[in-house]
Amino acid sequence: MAGSNSGQPQFIASTGNENFSNAPLIQNTDTDQIVVPDRKSWKNLFAYMGPGFLVSIAYIDPGNFETDLQSGAQYKYELLWIILVASCAALVIQSLAANLGVVTGKHLAEHCRAEYPRGPNFVLWVLAEIAIVACDIPEVIGTAFALNMLFNIPVWIGVLLTGLSTLVLLALQQYGVRKLEFFIAFLVLTIAGCFFAELGYAKPVAGEVLNGLFVPQLKGNGATGLAISLLGAMVMPHNLFLHSALVLSRKIPRSVRGIKEACRFYMIESGFALMVAFLINVSVISVSGAVCNSSNLNPEDQASCKDLDLNKASFLLRNVLGSWSSKLFAIALLASGQSSTITGTYAGQYVMQGFLDLRLTPWIRNLLTRCLAIVPSLIVAVIGGSAGAGKLIIIASMILSFELPFALIPLLKFTSSETKMGTHVNSISVSAITWVIGSLIMGINIYYLMTSFIHLLLHSHLKLVAVVFLGIIGFSGVAIYLAAITYLVFRPNKEATHLLSLTSTESREMGNNSGSTSMYCLPREDIANMQLPQRRQTEDIN
């Protein structure tokens, strides 16, 4: 292979270790990899398939199902526009994350470690870890609900049993992670097919659905809270770290044309994967909205709709699945939670390696994250039961939304920096769009935070001294939040990426010719080895 010719230029990037900052990223090509031929062909798209679909799993996890169900039950189709906006924003943002990895050879967490001083870097790492734990809470509770529906196990016991899912996951991986992912995708798509079929029975009014998709509206503070939860469940901070790292497992040509092709095909792949996730989320909201707002519901179902959560949602599929609705919904919910565990494990590995240069074996990393997620889930499940656990999912999604700026702003700064991206820097239009998206998300978060806190203070029955004390603490927290965002926005980038194969005149000329000369970026060995077990083979897309 052309990529194995050690005499050709290799892409070089600093890994944060000064002793090895000028060493090739890997010395050995004998690793799990997909080689992208150095030729102009649409068939190359198949070589890039994978990272986008793995990332899209997080868009159809139990947290998404929970927020979708409550949105439809409480506000019918009024919040569908949030799903549309969030999906479009996710496509743009995830594409930027993929571009960062493709162009620079370093993922987002590594760039943060190289760019920011030790203090801010540590804070960003802590926030990223909190986001991963917040993402794992819906998986824990969703799995507990699934076990409750399948075996009538109390929710709090199911929460404890989710700690064993790591061992089950590792056992299934002995048959190959790709087979496992195909099996999980099949189960999740099965429940999606059931919701699509239920749309035929529920018969939502097309005009109302389209109005909900394209006419923005937020009626009341409750709707704003659910909108933030939907945003947090759709555009997750850990996905930005994950996507920028997953693309490093490909072996791509280092010509200018080759890198542009990689960025384009990754965007196409992400677009297709996110479109599937978008349709699933829209169908869940539409079914929930149509069924719960129907005039011929029996009293039991009406009560379920008033306090709808994952543990009560199987009645929505009764027309399609009959008495099997609860069992099949539980199986798909279990599959959704476990597939999301894979993405959480990946993201946790990359975040820890990038920020701290520390690596753990996947099962230890997964077990640590799961234990941190079990503690609040168990407390809420014991005290609040099923309803309390469902509300915790909403709170976890809101936490993800509030934390999004601390991953999104560095991504936008890095991809808009010519010192890091070279000729592949964001265009002015892309930069403007992404900053508008980021500003809107941050504006909604801050508005909800301020209005909710003020409402809490005004309607509390505490003494005046306590109200003043809590007000000082609360507004100080908001001020720190705004100050941190301001620091990230206005701090100039200082570290340049070593774009060896992009900045030399010779390599630019090679990128502009027919591509007969191959320049490959070997896949990151540390990234490839960090992934979950796969069969040892090299794929060459011909």
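Q: Why is asparagine 152 called exposed?
A: Its relative accessibility is 66%, and exposed means over 50% relative accessible area, buried under 20%, and partly exposed in between (1.4 Å probe, protein chains only). So at 66% asparagine 152 counts as exposed. This is a predicted model, where local features need pLDDT of at least 70 and side-chain atom pairs count only at pLDDT 80 or more, while totals for chains, interfaces and linings use all residues. Residues are numbered from 1 along each chain as its sequence is written, and side-chain values use heavy atoms, leaving out hydrogens and water.

Q: Where is asparagine 152, and what makes its phi worth a look?
A: You'll find asparagine 152 in the loop between helix H6 (118-151) and helix H7 (155-161). Helices here are DSSP runs of H or I with at least four residues, strands are runs of E with at least two, and both are numbered from the N terminus. Phi at asparagine 152 is positive, about 60 degrees, and the residue is not a glycine. Most residues other than glycine have a negative phi.

Q: Which loop holds lysine 76, and what is its phi?
A: Lysine 76 sits in the loop between H3 and H4. Its phi is positive too, about 55 degrees, and lysine 76 is not a glycine either.

Q: What makes lysine 76 and glutamate 208 a salt bridge?
A: A salt bridge needs a side-chain nitrogen of Lys or Arg within 4 Å of a carboxyl oxygen of Asp or Glu. For lysine 76 and glutamate 208 the N to O distance is 3.0 Å, so the pair passes. Side chains of opposite charge can pair when their charged atoms come close. Lysine 76 is in the loop between helix H3 (62-75) and helix H4 (80-104) and glutamate 208 is in helix H10 (residues 206-214), so the bridge ties together parts 132 residues apart in sequence.

Q: Why do lysine 76 and glutamate 208 get the label they have for accessibility?
A: Lysine 76 has 27% relative accessibility, which makes it partly exposed. Glutamate 208 comes in at 34%, so it is partly exposed as well.

Q: How many salt bridges does the rule give?
A: The count comes to three. One of them pairs glutamate 115 with lysine 420, whose closest N and O atoms are 3.2 Å apart. That pair links helix H5 (residues 108-115) with helix H19 (residues 418-421), 305 residues apart.

Q: What makes glutamate 115 and arginine 491 a salt bridge?
A: Their N to O distance is 2.7 Å, and the side chains meet in a salt bridge. Glutamate 115 lies in helix H5 and arginine 491 in the loop between H21 and helix H22 (500-503), so parts 376 residues apart in sequence are tied together. Glutamate 115 has a relative accessible area of 4%, so it is buried. Arginine 491, at 11%, is buried too. Salt bridges that share partners join Glu115, Lys420 and Arg491 into one network.
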